[in-house]
Amino acid sequence: MDAPAKLAVTTSLDLHYEIRFQSLFNEGRALTFPCDAAGHVEMDALSERARNNYLYARAVVGLEYATPAVGPSLDCTELR
């Protein structure tokens, strides 16, 4: 007896990831940047301002921002 075939379910939603630097002093403040599942940011794809913010956030981890967390991010522009 063969095992039943599994159907692949696809959706129009693409799952992306973001790296999030949460402020240590203001719960509502954080910096987020697109990344891969391992947390690698493609810095060449960032605007100059975003790149500067990303490098700043990395430099002040433990002083102004918590250790970054990587998580899924839904890119709403994909919903069209």
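Here is a quick briefing on the fold, the core and one serine of this chain. The model is predicted, so local features need pLDDT of at least 70 and side-chain atom pairs count only at pLDDT 80 or more, while totals for chains, interfaces and linings use all residues. Residues are numbered from 1 along each chain as its sequence is written, and side-chain values use heavy atoms, with hydrogens and water left out.

**Fold and confidence**

- You're looking at one helix and three strands, in the order β-β-α-β from the N terminus; helices (H or I, at least four residues) and strands (E, at least two) are DSSP runs, numbered from the N terminus.
- The average pLDDT (the predictor's confidence in each residue, from 0 to 100) is 83 for the protein chain, and 72% of the residues score at least 70.
- Among the elements, H1 has the highest mean pLDDT (98), and strand E3 (residues 69-74) the lowest (90).
- Two stretches have pLDDT below 50: residues 6-14, with six contacts in the model beyond near neighbours in sequence, and residues 76-80, with four such contacts. Contact here means heavy atoms within 4.5 Å.
- Of the contacts with a separation of 6 or more, 54% are between residues 24 or more positions apart.

**Burial and the core**

- Buried residues make up 19% of the 80 residues in the protein chain; buried means under 20% relative accessible area, exposed over 50%, partly exposed in between (1.4 Å probe, protein chains only).
- The largest nonpolar core has eleven residues, including Ile19, Phe33, Tyr54 and Tyr65. Such a core is a set of buried Ala, Val, Leu, Ile, Met, Phe, Trp, Tyr and Cys residues joined through side-chain atoms within 4.5 Å.
- E1, E2 and helix H1 (48-59) each give two or more residues to this core, and E2 has the largest share, with three.
- Core member Ile19 touches Leu31, Phe33, Val41 and Tyr54, among others, not counting residues up to four places away in sequence.

**Serine 23**

- Serine 23 sits in the loop between strand E1 (15-22) and strand E2 (30-35).
- Is serine 23 buried or exposed? With a relative accessible area of 10%, serine 23 is buried.
- A polar atom of the serine 23 side chain lies 3.1 Å from the backbone nitrogen of phenylalanine 25, and the side chain of serine 23 also reaches the backbone nitrogen of asparagine 26 at 3.0 Å.
- Leaving aside neighbours within four places in sequence, serine 23 is in contact with Arg29, Ala30, Glu64 and Tyr65.

Terms used. Polar contact = N/O pair within 3.5 Å; in protein donor to acceptor, adjacent residues only side chain to side chain.
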